[in-house]
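Please look over the sequence and model first.

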Amino acid sequence: MLSSIALFSLLGSALATPVDPVDLFKVFGSSCSTSGAASCHNTTSVDTCCTEYPGGLLLQTQFWDTDVAGSPADSWTIHGLWPDNCDGTYKSSCDPSRAYKDISSLLTAQNALSTLDFMKKYWLNNAGTSEELWEHEWAKHGTCYSTLEPSCLPKDSPKGAEAVAFFETTVKLFKSLPTYTWLANADITPSTSKTYTLSELTAALEKGSGGYTPALGCTSKKLNSISWYYNLKGSLVNGKFVPIDSPQSSTCPSSGIEYPVRQSSS
């Protein structure tokens, strides 16, 4: 996975510049401009097909599960890409009629095979099948993206194209955020005995990301989640992700943080 971040070449090593996700234009099409104000920063009327609204605060959330069979040894895994409102609240399960089942078949039918292969390795469920997690993430969060409303896509788009765009974009964004590598570069690796401070973890991630602060999550002092935050210029189909500091505080203590070793790594 570590070498795959090169595939997200438009990101570059410095996240200070707004981020271009992989161009899905040829697949789904999008006529939205990416030169205007980012989501959560609009001062005029909003075209919800070209600006995420009201969910313009995007979280790319990753997990560090220790007991999920097949988990990669050198990478965190995907939890999801969530469109929170700009005030920290969020909507969920916005369109039950588009709560698609059998995401694997949907991706296969629309020739997103490389995305599906990646998801099988890096988008894993800690309480059920990966397919169940994919269905849940799309139904609960994906259906709430205003720019992925079917009416915003070209009329000849196949059924479920907006869900394929959601999974493609989430995977490409995740590839640009090698959390494990950024921590390892600062000699922060999973351990059965060593502990870390929140400032050490945060400094390593800020250095790797070009200066942006994520939110770290802990349970009983064990590090287990991380959320990277963005605003978005244009549509989720092929807009520009603009990284921002987390508006939420980390839930980890200031010291004594454990980074546990995975028991079932591939």
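Buried means under 20% relative accessible area, exposed over 50%, and partly exposed in between, with a 1.4 Å probe and protein chains only. The model is predicted: local features need pLDDT of at least 70, side-chain atom pairs count only at pLDDT 80 or more, and totals for chains, interfaces and linings use all residues. Residues are numbered from 1 along each chain as its sequence is written, and side-chain values use heavy atoms, without hydrogens and water.

**Backbone**
- Most residues other than glycine have a negative phi, and most peptide bonds are trans.
- Ser-220 has a positive phi, near 50 degrees, and is exposed at 63% relative accessible area.
- Lys-221 also has a positive phi, near 70 degrees, and is partly exposed at 43%.
- Ser-220 sits in the loop between strand 4 (215–219) and strand 5; strands are DSSP runs of E, at least two residues, and helices are runs of H or I, at least four, numbered from the N terminus.
- Lys-221 lies in the loop between strand 4 and strand 5.
- The Tyr-53 to Pro-54 peptide bond is cis, with omega near 5 degrees.
- Pro-54 is in the loop between helix 1 (25–28) and strand 1 (57–63).

**Cavity**
- A cavity is a set of points on a 1 Å grid over the protein atoms alone where a 1.4 Å probe fits but cannot get out; lining residues have an atom within 4 Å of a point.
- Points are joined across faces, edges and corners, and volume is the space filled by probe spheres set on them.
- The whole structure has 1 cavity of 30 Å³ or more.
- The largest cavity has a volume of about 40 Å³.
- Its lining has 10 residues, with Tyr-212, Trp-228, Tyr-229, Pro-243 and Ile-244 nearest the centre.
- Strand 5 (222–233) and strand 6 (240–244) each give two or more lining residues.

Terms used: On a 1 Å grid over the protein atoms alone, a cavity is a set of points where a 1.4 Å probe fits but cannot get out, and a pocket is an open set with protein on both sides within 12 Å along at least five of seven lines; lining residues have an atom within 4 Å of a point.
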